[in-house]
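Below are my notes on the model, as numbered points. Please read them alongside the coordinates.

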Amino acid sequence: MRDSAGAHAATQTILMDVDTGIDDALALVYLLSRPEVRLQAITCTAGNVGARQVALNNLALLELCGRNGIEVAIGAEVPLEIPLVTTEETHGPQGIGYAELQAPAQQISARHAVDVWVDEVRAHPGQITGLITGPLTNFALALRREPELPRLLKGLVIMGGCFYYQGNTTPTAEWNTSVDPHAAKEVFAAYRGLPEDKLPIVCSLETTERIEMRPEHLRCLGEAAGAPEPELVLPEQPEGQRSTSGNPLVACLSDALRFYMEFHRLYDQGYVAHVHDAFAACAAVGRTPFTTRLATVDVETDSTVLIGTTVADYRGLWGLPPNARIVSDNNPGHCFDELISSIGSLARAVGSAPPGA
Ligand code: BDR
Ligand code: CA
């Protein structure tokens, strides 16, 4: 499959696995806005919504951004060992809040997501950075098929987990890990003993919840896109109000993020949206500063109360080698400047493209 743009200037190759998802959508659009990024493929995991809906969302977003020829493949439609739970309450009936995207023209790939991971990474050793912003089901299955994936990848960035920090799904568990704790356990086990530069960078809730999108960020996005009217998403507006922006990408993101802000308000977090996955995308391409801390991570899969809880041993108390680099600090202001300027430029281009281009 040939991508319609970006191939020549690309210096970073990303293979992305998502459960799109409002913040996954923002992460995807951000990567599409980066001229140095080549998206090798997008694989889809069930999580926020079912895997097929995730794929349709990704295809529609690619088309909205004027891109075709990027493969979108479905993998596991259920977690490894437990029943699938989805969260339309958090991400809207289709997973993208109030945004309504046109049915995509491009088809879902005939390849299984696990084949995509194994074949692409084997074919491009040391070149591909993996970015996973959904449950780890597909990647765990890919590791069963090719245990050398951690060495063959250039790197891996995961959004998931929370360490000694309140969960967003159970009191101790984060959503992506909670949906498929057995997959997360297998993935962390597969990284034990690897060199430090190969260990996954783990963007967990303690730092991703700092990436708090507010109405002013959407106003700035509208400005960066050159939209003639200010993009106003405000707490006093009626719930479900839709964007009137003449810029289709701004309107889509605004309608998606309004839903996410209303959801966060419902849970007493204020009229904000934690855009976890967008931070992970910025981190994966190295365009926002962050620090990490080495840890040995394991995931609870047996206890009824604690299932999905991620535990980090920062002190070597288990006597096991580290298997993760957990993000310990980040810079929300820098991250939003990067997201807004980069996505704003893409939106400007999308808004000025002739219809059907
Ligand atoms: C994660 O869960 C999902 O709802 C979001 O898309 C993000 O990947 C945050 O816990
Ligand atoms: Ca996600």
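1. Strand 6 (residues 201-203) and strand 11 (residues 324-330) run parallel and are joined by two bridges. Val-202 has Ile-326 as its bridge partner in strand 11. Strands are DSSP runs of E, at least two residues long, and helices are runs of H or I, at least four, numbered from the N terminus; two strands pair if DSSP finds at least two bridges between them.

2. The model is predicted: local features need pLDDT of at least 70 and side-chain atom pairs pLDDT 80 or more, while totals for chains, interfaces and linings use all residues. Residues are numbered from 1 along each chain as its sequence is written, chains are lettered from A and ligands numbered from 1 in the order written, and side-chain values use heavy atoms, without hydrogens and water.

3. Nine strands form an open sheet in the order 3-2-1-4-5-6-11-9-10, with mixed pairing. Strand 3 (72-74) and strand 10 (310-313) are its edges, each pairing on one side only.

4. The calcium ion (ligand 2) is coordinated at 2.3 to 2.5 Å by Asp-19 (OD), Asp-24 (OD), Asp-24 (OD), Thr-133 (O) and Asp-277 (OD). Thr-133 lies in the loop between strand 4 (128-132) and helix 5 (137-145) and Asp-277 in helix 12 (residues 276-284), so the pair ties together parts 144 residues apart in sequence. Donors are N, O and S atoms within 2.8 Å of the metal (3.2 Å for Na, K and Ca); water is not among the atoms, so sites may look incomplete.

5. Both Thr-133 and Asp-277 are buried (under 20% relative accessible area, 1.4 Å probe, protein chains only).

How values were computed:
Buried < 20%, exposed > 50% of the residue type's maximum accessible area, 1.4 Å probe, protein only.
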